[in-house]
Amino acid sequence: KQWYQRRVRGTSTMLLILLLPLLTLANGAGLSILRMSDGKTYPEPCATLCSGVGSYWMRSNNYPGKLYMKVDTRDCNYVSPPIITATLSLPLYSALVPGGVVIRQRYERSFYVYVEGDLSEADKGWELMWSAAGFNCQ
């Protein structure tokens, strides 16, 4: 019985930690974007956060030794290129990737990321995890 009570209490705590940010946004504490790279200002209620995971890597012809991915953000409905954060998630026994994720060519509906690596390694389960913050109205 003690194990069960500890397990339920721990699960409840973890669930609360995971849901707290969503509850905060739902209660009107919206997303604040302090500055966009285009220098324009947009109405605060139009700020939105969009995120996703991609795993379709291709060899770059322009940058030898690099892989790239085009990320489609059309469903986010941004009216200007968003602020993007991205990281690479590797499988447990994958070799580490030198350098980091490079974000290039940001547009309203897509962006490109580049990483150093080999396609045969990337096909073993490399995932790009990204988040974009921007505005969906002017």
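Student: In what order do the four strands of the open sheet stand, and is the pairing parallel or antiparallel?

Tutor: Strands of a sheet pair through backbone hydrogen bonds, either parallel or antiparallel. Two strands are taken as paired if DSSP finds at least two bridges between them. Here the open sheet has the order S2-S3-S6-S5, and its pairing is antiparallel. Strand S2 (58–59) and strand S5 (102–104) stand at the edges with a single partner strand each, so one side of each has no neighbour in the sheet. S5 and strand S6 (residues 110–116) run antiparallel and are joined by three bridges. Valine 102 stands opposite tyrosine 114 in S6.

Student: What should I know about the origin and conventions of this model?

Tutor: This is a predicted model, in which local features need pLDDT of at least 70 and side-chain atom pairs count only at pLDDT 80 or more, while totals for chains, interfaces and linings use all residues. Residues are numbered from 1 along each chain as its sequence is written, and side-chain values use heavy atoms, with hydrogens and water left out.

Student: How many helices and strands are there in the chain?

Tutor: Helices (H or I, at least four residues) and strands (E, at least two) are DSSP runs, numbered from the N terminus. The chain has two helices and seven strands. Read from the N terminus, its elements follow the pattern α-β-β-β-β-β-β-α-β.

Student: How many disulfides does the structure hold?

Tutor: A disulfide is a covalent bond between the sulfur atoms of two cysteines. The criterion used here is a pair of cysteine sulfur atoms within 2.5 Å. The structure holds two disulfides. With the bonded cysteines numbered in sequence order, they pair 1-4, 2-3.

Student: Which parts of the chain does the pair of cysteine 46 and cysteine 137 link?

Tutor: Cysteine 46 is joined to cysteine 137 by a disulfide, S to S 1.4 Å. The pair links distant parts of the chain: cysteine 46 lies in the loop between helix H1 (2–26) and strand S1 (47–54), and cysteine 137 in the segment after strand S7 (127–135), 91 residues apart. The torsion about the S-S bond is about -50°, so this disulfide is left-handed. For accessibility, buried means under 20% relative accessible area, exposed over 50%, and partly exposed in between (1.4 Å probe, protein chains only). Cysteine 46 is buried at 6%, whereas cysteine 137 is partly exposed at 28%.

Student: Where are cysteine 50 and cysteine 76 placed?

Tutor: Their sulfur atoms are 2.0 Å apart and form a disulfide. Cysteine 50 is in strand S1, and cysteine 76 is in the loop between strand S3 (66–72) and strand S4 (83–89), 26 residues apart. With -70° about the S-S bond, this link is left-handed. Cysteine 50 and cysteine 76 are both buried.

Student: How is the aromatic pair of tyrosine 42 and phenylalanine 135 arranged?

Tutor: A pair of aromatic rings is described by the distance of the centres and the angle of the planes. Rings of Phe, Tyr and Trp (its six-membered ring) pair if their centres lie within 6.5 Å; planes under 30 degrees apart count as stacked, over 60 as edge-to-face and the rest as tilted. The count comes to six aromatic pairs. Tyrosine 42 and phenylalanine 135 are stacked, 4.9 Å centre to centre with 20° between the planes. Tyrosine 42 is in the loop between H1 and S1, and phenylalanine 135 is in strand S7, 93 residues apart. Tyrosine 42 is buried at 15% relative accessibility, and phenylalanine 135 is buried at 4%. Elsewhere, ring pairs link Tyr63, Tyr68, Tyr112 and Tyr114 into a cluster.
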